[in-house]
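Subject: Handover of a structure and notes on its contents

Dear colleague,

Please find below the structure that I am passing to you. My notes follow it, and I would be grateful if you read them with the structure open.

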Amino acid sequence: MIYDAIVVGTGHAGIEASLALARTGFKTLALSISLDNVGYLACNPSIGGTAKGHLVREIDALGGEMGKAADRTLTQLRMLNRSKGPAVQSLRAQVDKYKYHAYMKRVLEQQENLTLRQGEVKEILTSGGAVTGVVTEVGLTYSAPVVILACGVYLKSDIIVGSVIRGKGPAGFTRAESLSGALEKLGIELRRFKTGTPARIDMRTVDFKKLEVQYGEEDIYSFCELSKGVRATESVCWLGYTNERTHEIIRKNLGKSPKYSGLIHGVGARYCPSVEDKIVRFADKERHQFFLEPEGSGTVEGYVQGLSTGLPADVQLEMYRSIAGFEKVEIMRDAYAIEYDCIDPLMLKPTLEHKEFSGLYFAGQINGTSGYEEAAAQGILAGLNASLKLRGMPPLAVTRDNSYIGVLADDLVTRGADEPYRMMTSRAEFRLSLRQDNADLRLTPEGKRAGLVNKLRWTHYRKKVADIEEARRICSQPLPQDKVNNLLCALGESPTCNPMDAVTLFRRTPVTLETFEEHFDILRGISPAAVFDVYVNARYDGYLKRQERLRGESARCEKMPLDITDYSAVEGLRMEAREKLNKVRPSSIGQASRISGVTPADINVLIIYMGRKNKTS
Ligand SMILES: Cc1cc2nc3c(=O)[nH]c(=O)nc-3n(C[C@H](O)[C@H](O)[C@H](O)COP(=O)(O)OP(=O)(O)OC[C@H]3O[C@@H](n4cnc5c(N)ncnc54)[C@H](O)[C@@H]3O)c2cc1C
């Protein structure tokens, strides 16, 4: 059976990759070990969060599906970091994980050009350095010039509870038995990573009087620009704390925890520690907070965010029951640690195509990342790049200065991931202009070029751009002096006789958009998103200009190409730099400068070397 493309995995990466290919006209096959884990939220029943919310909005801006799915299945919405600057404000939605799965499965089933099929891939077929297809465990062969591996945490995965190890995937799904071996046969190195999840408890056995309720927020927009009437406060979450008795139980049983007993060696996520890790790493802390989150409206299961563990089942119950409010709690699913194989992303090009096998792409947790959003971002990137390559068009222009997706891809293929990689705003040096609310301004035109942005989204985008232009025009008009002074006096500022426009007023610290709109109605009728964009760009003008200069400098280095095949031949380079450069084979001086272990001195050597090379060629 012949296809244009095959996507192995229907997790968060596989979904976006399959849809990107099918929606740009390619006959695509999406295979999964089980169709019951399509879009399965193996861990927290939530989408978004700090920096992750930015990724979801960028996926949406490119024409992806995750934002829409979250809006249609969310039960609570919160804007994180409200008290901080707009660059780090990020949406986080509690979603109904069963409705999320059902929604995504329906979208894949109904997508034109897409065939959804249950089947476990055991082998990757290649010929002459190019991928040609896959073979499944039941002996079916599918051919295609593009194969995207989005196999997540299933490659030879082991679930560990105390000293009990079972060869299973998340939540007991069947694991991928043979693909690891097939990848090693192709010379693709594998590493062992690990993560963990908390128990799922019966919410009817919780004493909520002893926990703090967490409500959602009403007045915020959704992940998807096109979503209307999102119900943001359907459910609540609860905040609770561990105590000294909990810590005592964990300390007493630390030797039974797979990580501390030495049973598992996989590298874990620094930013998603198990409760054992927290007790060891932050021994001075009297209590650790956790959030109790409903898994869905159709179940009593609750997810205990922050208390993931690999301790034995009996110890887990004792530990959970030591917590105020959980004295009579019943566990429905044990917490567990999971170890799995993943690849070294330094083997990939910035398009996520493998350097040695044309047409073979990797996306998601298999690349050493952690998180639904990070996975989906890689899925749409790999899917669109494969689609563009099939059409002989240049790859998706996502870079460190236009998107978090660009930061994610560049970090993976340039710096690698020695532990599960989680996106954070601090990773983005140009984060001031990579706000979640302007993702469409940064990426929708590129999604249009790639063919994934439909007419409705493009019209919406054009309208927003026009609104911003109109808002900018209005905000550069001089304002009535008396009204300006009324506002300044109301804010305890001294009146002025200098003519002022809104842009100038926005730069004044005490002037917020809310106080401005209380005194002026000149922006009434313009979309709030457009007004917010003009307001933020005016308010942070100084910082943005400084960032622009930095961007100019880094863009200059990005434009300095590197086409050296063997760095050990470059005189003056240090040994470590030669090794790292030969492994990554950067395409530009800019990318070379971000490789860990390559110093500014090495970069100077490269610039001089390329200068001489270009002169003689
Ligand atoms: C226990 C656990 C805890 C986690 N904790 C966190 C956390 O705290 N924070 C966080 O951000 N993220 C966490 N995650 C990670 C999060 O679940 C993943 O990042 C995300 O699901 C990765 O998406 P993906 O698309 O790469 O892979 P997955 O969602 O894992 O999907 C992989 C897909 O590939 C399919 N597949 C695999 N091998 C084959 C094959 N050979 N043939 C056919 N199909 C195949 C599977 O059936 C599945 O559909 C956790 C995951 C687990 C399992």
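Predicted model: local features only at pLDDT ≥ 70, side-chain atom pairs only at ≥ 80, totals over all residues.

A polar atom of the side chain of glutamate 339 lies 2.8 Å from the backbone nitrogen of histidine 265, which is a polar contact (a pair of N or O atoms within 3.5 Å; within protein, one must be able to donate a hydrogen and the other to accept it, and residues adjacent in sequence count only if both atoms are side-chain atoms). Glutamate 339 sits in strand β20; strands (E, at least two residues) and helices (H or I, at least four) are DSSP runs, numbered from the N terminus. Its relative accessibility of 8% makes glutamate 339 buried, where buried means under 20% relative accessible area, exposed over 50%, and partly exposed in between (1.4 Å probe, protein chains only).

Residues are numbered from 1 along each chain as its sequence is written, and side-chain values use heavy atoms, with hydrogens and water left out.

The ligand

The ligand has 36 residues around it, and Ala13, Ser32, Val121, Gln365 and Gly371 come nearest; a residue is near a molecule if one of its heavy atoms lies within 4 Å of it. The shell divides into 19 nonpolar, 15 polar and two charged residues. In this division Ala, Val, Leu, Ile, Met, Phe, Trp, Tyr, Cys and Pro count as nonpolar, Asp, Glu, Lys and Arg as charged, and the others, Gly among them, as polar. Among the elements that each supply at least two residues of the shell are α1, β2 and α10, but the largest share, three residues, comes from β13.

Oxygen atoms of the ligand lie 2.9 Å from a polar side-chain atom of asparagine 37 and 3.1 Å from a polar side-chain atom of lysine 52. A polar backbone atom of valine 121 is 2.8 Å from a nitrogen atom of the ligand. Of the 980 Å² of accessible area that the ligand has on its own, the protein covers 97%; accessible areas come from the Shrake-Rupley method with a 1.4 Å probe, and for residues only the protein chains shown count as cover.

Cysteines

How many disulfides does a search of the whole structure find? There are zero, a disulfide being a pair of cysteine sulfur atoms within 2.5 Å. For cysteine 151, the nearest cysteine sulfur is that of cysteine 342, 12 Å away. Cysteine 151 is buried, at 9% relative accessible area. The sulfur of cysteine 489 is too far for a bond, because the closest cysteine sulfur, in cysteine 497, is 13 Å away. Cysteine 489 is partly exposed, at 45% relative accessibility.

Loops

Valine 206 belongs to the loop between β14 and β15 and is buried, with a relative accessible area of 10%. Its C-alpha atom is separated by 5.7 Å from that of valine 329, although the two are 123 residues apart along the chain.

Most residues other than glycine have a negative phi. Alanine 171, however, has a positive phi of about 55°; this residue lies in the loop between β12 and α5 and is partly exposed at 38%.

Yours sincerely
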